[in-house]
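Work through the exercises below with the sequence and the model at hand. Each task is followed by a solution in steps.

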Amino acid sequence: MHRIALDTNERAAVVTASGELDAFVADDLTDAFRGAADSGGVLVDLTAVSFMDSTALGLLVRAVREVDARGGVIRVVLPAGTARRIFELTTLDRVLPVASSRAKALAELEGSSAD
Amino acid sequence: MNESVVRLSFPAKADYLLLARLALSGVARGLPVGPELLADLKLAVTEACGNAVRHAYVDSAEGSVGVAFVVADDRLEMIVEDNGSGIDVPVETLVSEDAAPIEPVDGGMGMAIIRAIVDELDVREGADGHGTVVHMTKYLEAAK
């Protein structure tokens, strides 16, 4: 139903999620964000997420704030399908550090870490 | 006026939130509900059920969430009911039009999302003074 993976081998920590994200997956999401938090660059790839509720969104917002607060750089790739809707309803698609694709996000993260 | 009612009841645990969305998919079959509207309605019912799971059973381990889908000629109603200790925020705050949906604070964001999706939202205490009933109505374009 859902899958959340954390890959810290690339130059950025990459959290890739797919499927349906609601309160049931809160612990998995929290663990993944926590595991990524120490990296200077964090990518959250939600491309394959098919559903997302406010619990999952709240955890994402918290992760973005924590990375920001530590001076790290984070990019979020929004869901490709209808799960993107919650970002539009809350206008967070205009507030969060969104990248249009995983490749662009990684390029931006590499660019910022080279500075 | 034709009305069909589908009822679902599940323990107040996040494990079962998916059931509300699956039931809704079944109910929406044959209704004039496109993929985008279905996604919106899934979000609304999940937010209501999530609030019930999160807030309704702070003090008691066991509780259940009831969901009723009422299909009428011109609308779909989704009624989410819990028998817990109730939400601790004044109902007027939850349904107020100008509450900003930006901050994901304890259910307030969920209510703001629901309000943005459905046409009518009514939040009240349960009949016996316990729990909360969230009544959502979405009017549908006439079936072809």
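A residue counts as buried if 20 or more other C-beta atoms lie within 10 Å of its own, as exposed if 12 or fewer do, and as partly exposed in between, with C-beta atoms placed from the backbone. This is a predicted model, in which local features need pLDDT of at least 70 and side-chain atom pairs count only at pLDDT 80 or more, while totals for chains, interfaces and linings use all residues. Residues are numbered from 1 along each chain as its sequence is written, and chains are lettered from A and ligands numbered from 1 in the order in which they are written.

**Exercise 1. Describe chain B as a whole.**

Step 1. Of the 144 residues of chain B, 40% are buried.
Step 2. Helices (H or I, at least four residues) and strands (E, at least two) are DSSP runs, numbered from the N terminus. Chain B has four helices and five strands, in the sequence pattern β-α-α-β-β-α-α-β-β.
Step 3. Two residues are in contact if their C-beta atoms, placed from the backbone, lie within 7 Å. Among contacts in chain B between residues at least 6 apart in sequence, 66% join residues at least 24 apart.

**Exercise 2. Find the strand order in the sheet of chain B and its edges.**

Step 1. Two strands pair if DSSP finds at least two bridges between them. The five strands form an open sheet with antiparallel pairing, in the order S1-S2-S3-S5-S4 (chain B).
Step 2. Strand S1 (3-11) and strand S4 (120-125) of chain B each have a single partner strand, so these edge strands are left with one side lacking a neighbour in the sheet.
Step 3. S1(B) pairs with strand S2 (residues 64-72) of chain B over nine bridges, in the antiparallel sense. One bridge to S2(B) joins B:Ser9 to B:Gly66.

**Exercise 3. Describe how H2(B) and H4(B) pack.**

Step 1. Two packed helices are described by the angle between their axes and the distance between the axes. Axes are lines fitted to C-alpha atoms, for helices over the stretch in contact, and angles run from 0 to 180 degrees between N-to-C directions.
Step 2. Helix H2 (residues 35-55) and helix H4 (residues 108-117) of chain B pack at about 150 degrees, and their axes are 9 Å apart.
Step 3. Residues making the contact include B:Leu41 and B:Ala44 of H2(B), and B:Ile113 and B:Ile117 of H4(B).

**Exercise 4. Which helix supplies the largest share of the side of chain A that touches chain B?**

Step 1. In all, 18 residues of chain A are in contact with 22 residues of chain B.
Step 2. Helix H2 (54-69) and helix H3 (85-89) of chain A each supply at least two residues of this side of chain A.
Step 3. The largest share, five residues, comes from H2(A).
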